[in-house]
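My entries follow in the order in which I checked them.

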Amino acid sequence: MMDPTLVEMGNHLSDAMKILESENLETEQVKARRKLSWKDIPGSLKGDGQDVVSILQLVQNLMHENDDMQGHRRMHYVRAQGHMALLGHSLAAYISVLDRERLRKLTTRILSETTLWLCRLFKYENGSAYYHEDDCEGLLKVCRLVIHTHYEDYATEGFTVLISKQPVVYQSAACRAGLGQHLCCQLGLPLSSLCIVPCNTMFGSLHQMDVALLDRLIKDDQDSGKVPLLLIANAGTPGAGHTDKLSRLKELCVQYNMWLHVEGVNLATLALGQVPSTVTAATKCDSMTLTPGPWLGLPAVPAVTLYRHEDPALSLAVGLTSSQPVEKLLALPLWLSLQFLGHDGIVERIKHAAQLSQQLLEHLKTLASIKTSDVVSHSRVPPISGGSLRDVLGSLILSIVEDELNSPVVVFRFSQETSAPSSGGSTLEYFAREREFLDALNRWLGEQLAQQVPISGVNVVELEDEGTCVCFNPLMTATALGTQENDVASLVEKLGMMIPVLSCTLRFRLYFKDEVLQQASLSYIEDLSWPGLGGVRYEPRSTDLSEDKRQQRVERINSDLLKKLKELDTDLSFSVGPEFCEEKNCIFIGMATEDLDVAELVETILSVGKDIEESGKLFENMTEVVRKGIQEAEQQLQKDNEEKLMEEGVLRQIPLVGSVLNWFSPVQASVKGRTFNLAEGSLDSTEPVYSVKAQMSKDASPDSSKSSTKRLPGQKLFRRHGAGSDSIRETSSVGQFEESFREAAPIQSAEEDVAEVPQEHSSHADEEAISSDQRVPEGQETESADTLR
């Protein structure tokens, strides 16, 4: 019969995972009550304790406390093999309380069986295993083992034996960042003991160690009295997934009595039936580090360092083996998971990841402007006299690339060939700036793909030679995320939709810059880290302001301009730009599409900026203008009243008598209205205004019909109708945009922002000067004035 404790443990684990992976979160009322219950005692120790369900609910809420909306939650559901790994941690705690003899027998079997399975699975014969949680811990213990091997008195004399003959550790420039520095720090070695071997610069992959240069470096160190100790090689570099020439490196290590350690994601393919020859050479190395956790989708399982050494006492001295049974239980989660998956299940998961990579690589070959890391690296052939020889070498190098196509890591990059300008500036500087901008576009591309197809697991990587690239590494993500063939197809589809956007942005960026520089009121802001057309700043035309006031006006105008542009019906995005941008008070325009009208865009920014500037001037001068206008209006009204009194006589001003006279003998005098121009601060007659309005009403219907022919229904702003060529239209439809813009968010110009002043008594001039478009007939004005008297 099965131990009831084990059955209960499995049930508890199953229930716990159901609670943690459920979509039920605490309500706001429960959260409020919980906060109140923690008023006296911090944490969850209030009262007599809590049940398991409440504690697990608390853990779930803490995991998602920063999620604003339910749709933004990204749950990583643990699969069946992951449950076994989690159960292994619980069992390890349970087994650790057994009596010492039982614990020793059980842990010895677990450790030996797991080591045997891994060595057979990854074709590493006669190997031992060291299980560790930190990926670097295994290499660190191996380094200590090699030091003890080369320096026999190291155990008793310590670092003093290293003074006369300094050890040297060699690593590829493509290794993990900070790996060598970490080893030197932990081993107490100076950084001079670390030798970074450059990668190939002419032939072969740019991510492979230069073997010839390594040979010279080792010889130089030996001649100077140093001891070549250990070489760290890659079977799948962290960035591009390339494999070093392991067979040639092994020959060098044998020649110079060095230890060869290999690590990398490509080691997982050793479990497959057909293994590339470049990776098969890893089985002959002295040690290798495996990470089966991400390869097989197993959470919290240790990494494994397989090694070969004939002295078990020395291995025990450096910590590669342990005499403590509890420490051996670290292999228990992996032991359970390997049994649950079986040989076929393990191979199937690794094979599935390799097939996903091949599927994506085949699709990328059909996409224009997308280059993989292999093509980018190997297509760089050094200048050779004679075109035929160069072509032969190019074909030879590209044939070598086929070995790298077996890597489960796919790295690609958007790139387009551009020609340097014929005049002005250095060619090298131009291409350096273009590469930096392409890096920004590829960073945007990777972020968009990761956001739109999150199940693909793509991420952005920075490579020294290629620059910013998008990396697809299904061995590290596919099992955990559940990536399938249709997800790769969706990734390719999204990528195909983004390529035209990237191409148009790259092409229109220069046109946008030229259009902005032609406008005196606009300044072009170039930030190569911004993925888009670039930045622009509106500069006020007034020069009589101090520097502080000018900066305040620039900030206000561009802030209002950004708000206005965001309100427009367009596909373009407007923002304040990168977070750490040095330029302030500017507007950055995002990615462009094929039908973008650059000239219309620039003219719109200019016109809206001018309207905001004029509106700002109006409000700044409003107080003084209104005060002077009211004074002038009072004088004009008083003068008009005196003239009316002289024309109509005194009797018509008397309320009752004036009404009788107006009944029998009406006065046919025209109404004399006044308009108050806020921009100019002048009082004018209303006759020109009414004549202009009448003319505008007559021309309204032809204008509207003309506007409807310029922009089709549903067509957004800044789009060219029928755009299909690469050329940019010289003419702009700014006038048409201004009409639609006034309908959506009208900005009243200074010349039309007028207030009509009626003919009335001067005592009411303050109120009537502010009111607009109101007139008082001449007779009624007199009558009301007499009534007041």
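I count a charge as sitting over a ring if NZ of Lys or CZ of Arg is within 6 Å of the ring centre and within 35 degrees of the ring normal. The model is predicted, so I note that local features need pLDDT of at least 70, side-chain atom pairs count only at pLDDT 80 or more, and totals for chains, interfaces and linings use all residues. Residues are numbered from 1 along each chain as its sequence is written, and side-chain values use heavy atoms, with hydrogens and water left out.

Entry on charges over rings. I find arginine 507 over the face of phenylalanine 508, 5.0 Å from the ring centre. I also find the charged end of arginine 308 over the ring of tyrosine 124, at 3.8 Å from its centre.

Entry on aromatic pairs. I pair rings of Phe, Tyr and Trp (its six-membered ring) if their centres lie within 6.5 Å; planes under 30 degrees apart are stacked, over 60 edge-to-face and the rest tilted. The count is 3 aromatic pairs. One of them, phenylalanine 122 with tryptophan 295, is tilted, with 6.0 Å centre to centre and 55° between the planes. Phenylalanine 122 is in the loop between α5 (100-121) and β1 (128-132), and tryptophan 295 is in helix α13 (residues 292-296), 173 residues apart. Helices (H or I, at least four residues) and strands (E, at least two) are DSSP runs, numbered from the N terminus. Both phenylalanine 122 and tryptophan 295 are buried (under 20% relative accessible area; exposed is over 50%, partly exposed in between; 1.4 Å probe, protein chains only).

I then looked at phenylalanine 512 and tyrosine 524, whose ring planes stand at 65° with centres 6.1 Å apart, so the pair is edge-to-face. Phenylalanine 512 belongs to helix α21 (residues 485-517) and tyrosine 524 to strand β12 (residues 522-525), so the pair ties together parts 12 residues apart in sequence. Phenylalanine 512 and tyrosine 524 are both buried.

Entry on β5. Is strand β5 (residues 259-263) buried or exposed? I find 5 of the 5 residues buried, so the strand is largely enclosed by the rest of the structure. Trp259, His261 and Glu263 lie on one side, Leu260 and Val262 on the other. β5 pairs with strand β4 (residues 227-234) in the parallel sense over 5 bridges (pairing needs at least two DSSP bridges). Glutamate 263 is the bridge partner of asparagine 234.

Entry on helix α3 (residues 52-63). Isoleucine 55 lies here. I record isoleucine 55 as partly exposed because its relative accessibility is 41%.
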